Amino acid sequence: MATQKKKVHPGLIELDPEDAVVVVNYETHDIEIGSDGTQRVVGRTPGIKQIKIRPLPNERDIPQVAQELTKKCRLISASKVGHVEELLRELVDRESMMPGPSSSQSSAAYVHGFSELDRQQLWQRNQDRPATASRQHSIETVRLEDLDIYIENLYEDDVKDKARAANCIATLFRQAQHLEPLLSHATLLPTLARVLRDDGKRSVDLCVGIQSVWLVLSNFSQFHQLLVENQVGVLTIDILDLEIKRTEHRIKEEGVNIAAAAMKEAQGLASEKECRLLAVTQKQDKLLYLCAYLLLNLSEDPDIERKMQKKGTVVYLVKMLDRTNIELLILCTAFLKKLSIYQENKDQMAACDVVARLVTLMATDNDVLLMAVLRLLHNLSFDPGLKDEMVKQGLLPKAVQLVRQMNFQQVALGLLYHISQDNRHKSMFIYTDAVTVMLDLLMHVDDLTTTPELIALAVNLTQNDRIAEALCGGDRLAMLLERAFLTRDELLFKVLRNLSQHTDLGIKGGFLPYMDQLADLLQAPDIDSDLFVEVLGILVNVDIPSYDWPALIAKHDLLNLLAGYAQPGLTEDDILLELVMFVGVVCDDVTAPQLVQTGLVSMIYELMGSKKEDKEFVLQIAHSLNLLLACQATRSVLLEGTQVTFYLVNLLQDANAEVVKAADQALTVISETDEEWAAKLRALKFEAHNQAWLEACASSSSTQQQVPGELQQDEYQQGAAGDGHIKAFWQDAEDELHMEDSMMLNIEDLQNAELWQRAGLLTADKQLVPQQYDGKQAAASIMQPNHAQVLS
């Protein structure tokens, strides 16, 4: 069942045009939470909060007053202190420039630290700076009754009059009670769109005023169609294109770096040209902010978003990342994050070198901007090429340091996890503090299930030899093991299991003092399956030849314990797989009889048939059989009571090279230890490797005459089907094939009986040797033609 909640989003902070009031705009979002946890904005309600500034502060007290405002008003974040200071200075300037001050006003100004001389100097300084739109109409009284006058002024030739009228209309739109009469006006919106189209290039202030109107309307989804009808989106993208080109041209002509000029201005070292360029840039930043915010609101419609992509919006947003205005950077980064989920947009970002710009922005001390940058980088890190670029740009050390900060820990860990998925990048982590940071988190996080990114990163990095060596250096491995036994956290044991799989005997040796504790943990009555798999996996990986496995097994009665889990169909596959591997590790002349007695060898033979489609099981069974066949007790059971040889011969045709290698090694062990089986295996291998040649010869014979020693193709099919020459009885319930002892092979028209005799399948009197096959596939492997490579 869907639920709803409200969330407040702070917006633009500005001065009231009439009074000494700081106006904080905000939106209240009505969010609907679905039953599946998805959230959707179903309504937006704009609002304003007015903060009166009385008495006006003097120049020295402005920073302190700004700090107090941010603390008292929760709608103003701490990152906005600088912006509030600028508004207070503008307010003080505006009040001091009021024409015709009375004596009381003069005395008030003096109380605030301004003499008449100070006022004249301040007036002159502000005359030298470009006037802002808010200052131009600050003393005007904006009324709804004067709307027709404002619309008439839009037709004036003087662009300043048009800008003043547009800003007055924007002021009306910011007041919610005026929206209905404004929208009911027949010509207002088309007139604004026409003026923006015709005269927008002539004045930034005019664009700011009209774009402010569009932005107010874009906050309401029901007005989006109205904006589309007036081609607001197209006009906005045109403004972005024009202003960005203007900036590029201005920088090229002036030869001034905006960021460097801003730093000089903060230190009071900026030249007149740099100050003039910064003033123009600040006005541009406000316009670009309005345009980007408007497009972000309109992009709620996927169709409009696709049109934006075709118009090059992604390129403009990436270019705006070079600017210095914090609010604009936050907005552009958040917008790019929204767009980055689509392949086309991501490719455009990559073409614009977005990663280099984002890595540069990570040096900011603004937490909101830094979080937005990290989230965008996290989205982009799904692309292998962009991951390479992140490493090249030096992202790793910066992201590792951010893991130490709780605000950014989760996002930074997710970003590092994506980078660690590439084996080429894992070794780069060794040149950072990743090992120290990761160890510290593993030791101090109470519940690792709350930080899945940390475990995923640790599992990836511990696969690297150098990182594993660094993580196990000194007493670090002992600390991790002690922590794991204390918490019994299966995720921490998963990391330790990864460390134990390295071939370095120094790492494996660090686990030896804890083998008894690991064995005891396996016998804990409350151990769950996940923890059991990880602990048993560690024992399997500590396969040091000199270790005394019989002593550990006898002390803890491990084989009888594990035999209780050896129940295919009832036990989880992960546990069965570890059991198969454990049997191969501990098998030697001392433990072999116990393995037979506890039924673990029979379990492996049973798994040969039931898990023949699982490639991991097939590989591990082949490896374990190789080790079991090396011991007399287990070899006798396998060769005399099972059809393991036919299973291994069949594996020689497997597509997995590792499986073929393991099967061949096992067959070699049989040949070296049993002369009788060695002769049979030579014949079986010969037939298996030459079936393709035999089949080719049979199919290419135009006379259909049989070549001595070969089976014709139709006879292969008849034999496999049990029709004519070979009779077979299938027992589907047990999935096994029995060939009756009394059944005779009709070989009157067969010429290759000698081959069957050499393989041990026929006696001298042409009778089938009694055998019990584990499965149909294993039984028919001798008869079915295959397409393996022909041996010379």
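**Notes on selected residues and helices**

1. Cys 168 is buried, with a relative accessible area of 1%, where buried means under 20% relative accessible area, exposed means over 50%, and partly exposed covers the values in between, with a 1.4 Å probe and protein chains only. The residue is found in helix H7, which covers residues 159–173; helices here are DSSP runs of H or I with at least four residues, and they are numbered from the N terminus. Cys 168 and Arg 143 are 25 residues apart in sequence, and their C-alpha atoms are 8.5 Å apart in space.

2. On the basis of the work: this is a predicted model, in which local features need pLDDT of at least 70 and side-chain atom pairs count only at pLDDT 80 or more, while totals for chains, interfaces and linings use all residues. Residues are numbered from 1 along each chain as its sequence is written, and side-chain values use heavy atoms, with hydrogens and water left out.

3. Leu 448 is found in the loop between helix H25 (434–444) and helix H26 (452–461), and Leu 448 is buried, with a relative accessible area of 2%. Its C-alpha atom is separated by 7.7 Å from that of Leu 492, a residue 44 positions away along the chain.

4. The count of salt bridges comes to 28, a salt bridge being a side-chain nitrogen of Lys or Arg within 4 Å of a carboxyl oxygen of Asp or Glu. One of them joins Glu 243 to Arg 246, with the closest N and O atoms 3.0 Å apart. Both residues lie in helix H12 (residues 232–254), three residues apart, which is about one turn of the helix. Glu 243 counts as buried at 1% relative accessibility, whereas Arg 246, with a relative accessible area of 26%, is partly exposed.

5. Which residues are linked with Arg 497 in a network of salt bridges? The network consists of Lys 494, Arg 497, Glu 534 and Glu 578. Within it, the side chains of Arg 497 and Glu 534 meet at 3.3 Å, N to O. This pair links distant parts of the chain, with Arg 497 in helix H29 (residues 490–500) and Glu 534 in helix H32 (residues 529–541), 37 residues apart. Arg 497 counts as partly exposed at 23% relative accessibility, while Glu 534 counts as buried at 6%.

6. The side chains of Glu 578 and Arg 497 also meet in a salt bridge, at 2.4 Å from N to O. Because Glu 578 lies in helix H35 and Arg 497 in helix H29, the pair ties together parts that are 81 residues apart in sequence. Glu 578 counts as buried, at 4% relative accessibility.

7. Helix H35 itself (residues 573–586) has 14 residues and reaches 20 Å from its first C-alpha to its last, close to the 20 Å expected at 1.5 Å a residue; the expected span is 1.5 Å times one less than the number of residues. The helix is mostly covered, with eleven of its 14 residues buried. Among the buried residues are Ile 575, Leu 576, Leu 577, Met 581 and Phe 582, together with Glu 578.

8. Most residues other than glycine have a negative phi. Asp 353, however, has a phi near 60 degrees, a positive value in a residue other than glycine, and lies in the loop between helix H18 (343–351) and helix H19 (354–361). Asp 353 counts as partly exposed at 38% relative accessibility. Asp 557 likewise has a positive phi, near 50 degrees, and its place is in the loop between helix H33 (549–556) and helix H34 (558–563). With a relative accessible area of 40%, Asp 557 is partly exposed.

9. A negative surface patch is formed by Asp 148, Glu 152, Glu 156, Asp 157 and Asp 158; patches are made of residues with over 30% relative accessible area and no salt bridge, like charges being joined within 9 Å and nonpolar side chains (Val, Leu, Ile, Met, Phe, Trp, Tyr) within 5 Å. One of its members, Glu 152, lies in helix H6 (residues 147–153) and is exposed, with a relative accessible area of 55%.

Key:
Helices (H or I, at least four residues) and strands (E, at least two) are DSSP runs, numbered from the N terminus. Accessible areas come from the Shrake-Rupley method with a 1.4 Å probe; for residues, only the protein chains shown count as cover. Lys and Arg count as positive and Asp and Glu as negative; His and the chain ends are not counted. The place of a charge is taken as NZ of Lys, CZ of Arg, CG of Asp or CD of Glu.
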